[in-house]
Amino acid sequence: MATPDFIRELRATIGHQPLFLPGVTSVVLDQDGRVLLVRRADDGRWTLIGGIPEPGEEPAETAVREVEEETAVHCVVERVIAVEATDPIRYPNGDVCQFLDISLACRAVGGEARVNDDESAEVGWFTLDALPPLSDHALERIRLAGADEPTWFAQPAAQTLR
């Protein structure tokens with residue numbers, strides 16, 4: 001995902017200090033149950049489509065925008081499948097970010113999947129039994145998108161009863 005302008009402006013002031021940011025992950029399925037994936041241009045890994053909301057942007061708007069920007073596929077958001085604070089990430093330039101990720105199940109409704117920006121080297125639809133190597137995070141999100149389960153979130157640590 002390209003770095004939004006508002007984060008570049010923050011980085012000009014705070015340098016590489018950790019930032020806690022919202023993030024949105026989209027699991028886009030088509031009518032055949034295939035999942036839409038992108039192969040990142042920077043490290044060559046296959047992944048789900050993700051992005052950072054612009055200030056004031058709703059997570060569903062972010063999902064629809066990012067999917068179209070990266071793949072030219074039009075989608076609708078159907079439900080929240082997971083909410084999770086990720087582990088901090090240190091980028092090659094030294095920046096540190098941690099994301100509160102909101103993962104959304106989406107349904108493709110139009111467009112033809114293709115590389116649509118410079119963030120992806122390849123875009124493709126994959127059946128669930130023929131996925132390329134993916135992170136555990138992506139695999140779990142794909143599973144949740146196809147499951148009839150409540151939204152996943154980390155439970156708070158056990159609290160002492162008062």
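How many of the 11 residues of strand β1 (residues 19-29) are buried? Nine of them are, so β1 is largely enclosed by the rest of the structure. Here, buried means under 20% relative accessible area, with a 1.4 Å probe and protein chains only. Keep in mind that this is a predicted model: local features need pLDDT of at least 70, side-chain atom pairs count only at pLDDT 80 or more, and totals for chains, interfaces and linings use all residues. Numbering starts from 1 along each chain as its sequence is written, and side-chain values use heavy atoms, leaving out hydrogens and water.

**Strand partners of β1**
- Strands are DSSP runs (E, at least two residues) and helices likewise (H or I, at least four), numbered from the N terminus.
- Strands count as paired if DSSP finds at least two bridges between them.
- β1 runs parallel to β7 (residues 96-110), joined by 11 bridges, and L19 has C97 as its bridge partner there.
- With β4 (residues 49-51), β1 pairs in the antiparallel sense over three bridges; V24 sits opposite G51.

**Nonpolar cores**
- A nonpolar core is a set of buried Ala, Val, Leu, Ile, Met, Phe, Trp, Tyr and Cys residues joined through side-chain atoms within 4.5 Å.
- The largest one has 15 residues, and V27, V35, L37 and L48 touch the most other members.
- β1, β2 (35-40), β5 (74-85) and α3 (136-146) each supply at least two residues of this core, with α3 giving the most, four.
- A second, separate core of 13 residues includes V38, C75, L104 and A108.

**Around V27**
- Leaving aside neighbours within four places in sequence, V27 is in contact (heavy atoms within 4.5 Å) with V35, L48, I81, L104, A105, C106, R141, I142 and A145.

Notes
Buried < 20%, exposed > 50% of the residue type's maximum accessible area, 1.4 Å probe, protein only.
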